[in-house]
Amino acid sequence: DAADLQGLRRGRLRIAAVTTTEYFLPDLLGPFARQYPGIEIELAVENRASVVARLQRGDDELAAMMLPPTHLPLARWPFLENPLVLIAPAGHPLAARRRLKLADLVTEPLLAREAGSGTRAAAEQAFSEQGVDWPPRMALGSNEAVKHAVRAGLGLAVLSRHTLAADPASEGLAVLPVAGFPLRRHWQLVWRNDRALSLPARTLLDDLRARLHVRARPAT
Ligand code: PGA
């Protein structure tokens, strides 16, 4: 109705997003952003620990992340698969193998995201579930820094498939065929269920719900 229309003519929508979602989230916001040009969207892109702190303070209405915290009252909607893969430089001997076990890799240096990263937490959890002790040799503060270091031959890493090109070889990287990988995780949109969502936030959720069930899944 007219009041609803008014509520979407002007306004602000604050969204927090973990770093890995920067590879696809701006795309997903496109149709909403074009339909409601008066809504100013602020997308904060930070690691998991920062996004959790923002949710705790109530800085944003929506957050996109893989591992929502359990200590906050949150509603959640898993909206996209997030396969986590093990990567090596394209020419690495391990990249020529047809099947690998995690235990075959642990003599190689492991490159990890910084402490506070959800990607790192998910990788550590998977290693401990498989009984593998593989401490990182180096921590790097962004997905791109990890990719560059792997390409430069400094070690192997676990990253979201979303951080890689459709053909990883085109960027000098290979996805290793390791048993138990890709880790099948999901991206979730979360919001505080102890607060009312604004009209712009509800409208964006409706828009994404209407479009995402037909969206192609990323290759693994
Ligand atoms: P991050 O993102 O590694 O940038 O924290 C992944 C996540 O937290 O889900």
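## Proline 37

Is proline 37 buried or exposed? In this predicted model, proline 37 has 9 other C-beta atoms within 10 Å, and because the cut-off for an exposed residue is 12 or fewer, it counts as exposed. You'll find proline 37 in the loop that links helix H2 (25-35) to strand E2 (39-46). Arginine 10 sits 27 residues away from proline 37 along the chain, with 8.2 Å between the two C-alpha atoms.

On confidence, the protein chain has a mean pLDDT of 93, and 94% of its residues reach 70 or more. The model's scores are ipTM 0.93 and pTM 0.90. The stretch to treat with care is residues 214-220, where pLDDT stays under 50. For those residues the model has nine contacts beyond four places in sequence.

## Two domains

The protein chain splits into domain 1 (2-80 + 187-212) and domain 2 (82-184). Take the centres over C-alpha atoms and domain 1 and domain 2 come out 29 Å apart. Where they meet, 13 residues of domain 1 are in contact with 13 residues of domain 2. The side of domain 1 that touches domain 2 is made up of nine nonpolar, three polar and one charged residues.

## Strand E3 and its partners

Start with strand E3 (residues 62-65), where every side chain position is buried: Leu62 and Ala64 point one way, Ala63 and Met65 the other. E3 pairs with strand E1 (residues 11-18) in parallel, through three bridges, and alanine 16 is the residue standing opposite alanine 63 of E3.

E3 also pairs with strand E9 (residues 183-192), this time antiparallel and again over three bridges. Here alanine 63 has valine 190 of E9 as its bridge partner.

## Strand E4 and its partners

Strand E4 (residues 74-89) has several pairings to look at. With E9 it runs antiparallel, joined by 10 bridges, and leucine 80 has tryptophan 187 of E9 as its bridge partner.

E4 also pairs with E7 in the antiparallel sense, over four bridges, with valine 85 opposite leucine 159 of E7. Then there's strand E8 (residues 173-175), which pairs with E4 through three bridges, antiparallel as well.

## Strand E5 and its partners

Parallel pairing turns up again at strand E5 (residues 110-113). Two bridges tie E5 to strand E7 (residues 156-160), and leucine 110 has leucine 156 of E7 as its bridge partner. Strand E6 (residues 138-140) is joined to E5 by three bridges, in parallel too. There, leucine 111 stands opposite methionine 138 of E6.

Definitions and conventions
Residues are numbered from 1 along each chain as its sequence is written. This is a predicted model: local features need pLDDT of at least 70, side-chain atom pairs count only at pLDDT 80 or more; totals for chains, interfaces and linings use all residues. A residue is buried if 20 or more other C-beta atoms lie within 10 Å of its own, exposed if 12 or fewer, and partly exposed in between; C-beta atoms are placed from the backbone. Two strands pair if DSSP finds at least two bridges between them. Domain bounds come from an automatic or database domain assignment. Two residues are in contact if their C-beta atoms, placed from the backbone, lie within 7 Å. Ala, Val, Leu, Ile, Met, Phe, Trp, Tyr, Cys and Pro count as nonpolar, Asp, Glu, Lys and Arg as charged, and the others, Gly among them, as polar. pLDDT is the predictor's confidence in each residue, from 0 to 100.
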